[in-house]
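This report describes a single protein chain, from its overall architecture down to selected residues. The sequence and the coordinates are shown below.

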Amino acid sequence: MKKLVNVVDVDGEGLVALMGENVLLFCVNYFYAGKLVGVNKEFVQLEDAKIVYETGDLSAKTWKDAQALPGVWYVQTCAIESYGKSGR
């Protein structure tokens with residue numbers, strides 16, 4: 001059996017590292033995009049948020065079908081399956 005013996009806590013990783021960036025969140029039911037402006041244990045906060053119904057080509061400059069959400073939008077971290085930086 002192989003075991004991981006040393007665990008190192010690295011500050012500034014994960015969602016926190018993407019603060020101020022445009023991100024795409026793949027969540028349990030929907031995809032959300034926007035500028036990541038807040039992160040805590042329960043929620044992330046997006047500015048200029050959109051619900052993305054169809055991404056289209058992920059390297060394209062615009063989403064194929066995305067609808068703007070009003071004001072600042074919050075997404076529960078427990079619903080996020082994966083995420084990353086988005087150029088849109």
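## Secondary structure

Strands are DSSP runs of E with at least two residues, and helices are runs of H or I with at least four; both are numbered from the N terminus. The model under discussion is predicted. On these terms, the chain has six strands and zero helices. Read from the N terminus, the order of elements is β-β-β-β-β-β.

## Overall dimensions and surface

The C-alpha trace of the chain extends over about 45 × 25 × 20 Å along its principal axes. The chain has 88 residues, and 28% of them count as buried. Its accessible surface amounts to about 6400 Å², with 50% of this area belonging to carbon and sulfur atoms.

Among contacts in the chain with a separation of 6 or more, 48% come from residues 24 or more positions apart.

The chain carries 9 positive and 11 negative charges. Between the mean position of the positive charges and that of the negative charges, the distance is 6 Å.

Asp65 belongs to strand β4, which covers residues 65-68. Its relative accessible area is 28%, so Asp65 is classed as partly exposed, a category that lies between the buried limit of under 20% and the exposed limit of over 50%.

When neighbours within four places in sequence are set aside, Asp65 is in contact with Ile51, Val52, Tyr53 and Glu54. Gly87 lies 22 residues from Asp65 along the chain, and the C-alpha atoms of these two residues are 16 Å apart.

The criterion applied here is a pair of cysteine sulfur atoms within 2.5 Å. The closest cysteine sulfur to that of Cys27 is in Cys78, at 9.3 Å, and this is too far for a bond. Cys78 is likewise in no disulfide, since the nearest cysteine sulfur, that of Cys27, is 9.3 Å away. The structure as a whole holds zero disulfides.

The two residues also fall into separate accessibility classes. Cys27 has a relative accessible area of 5% and is therefore buried, whereas Cys78, at 64% relative accessibility, counts as exposed.

Conventions
Residues numbered from 1 in each chain as written. Predicted model: local features only at pLDDT ≥ 70, side-chain atom pairs only at ≥ 80, totals over all residues. Heavy atoms only, no water. Buried < 20%, exposed > 50% of the residue type's maximum accessible area, 1.4 Å probe, protein only. Contact = heavy atoms within 4.5 Å. Areas by Shrake-Rupley, 256 points an atom, 1.4 Å probe, with all protein chains shown as cover. Lys, Arg positive; Asp, Glu negative; His and termini not counted. Charge placed at Lys NZ, Arg CZ, Asp CG, Glu CD.
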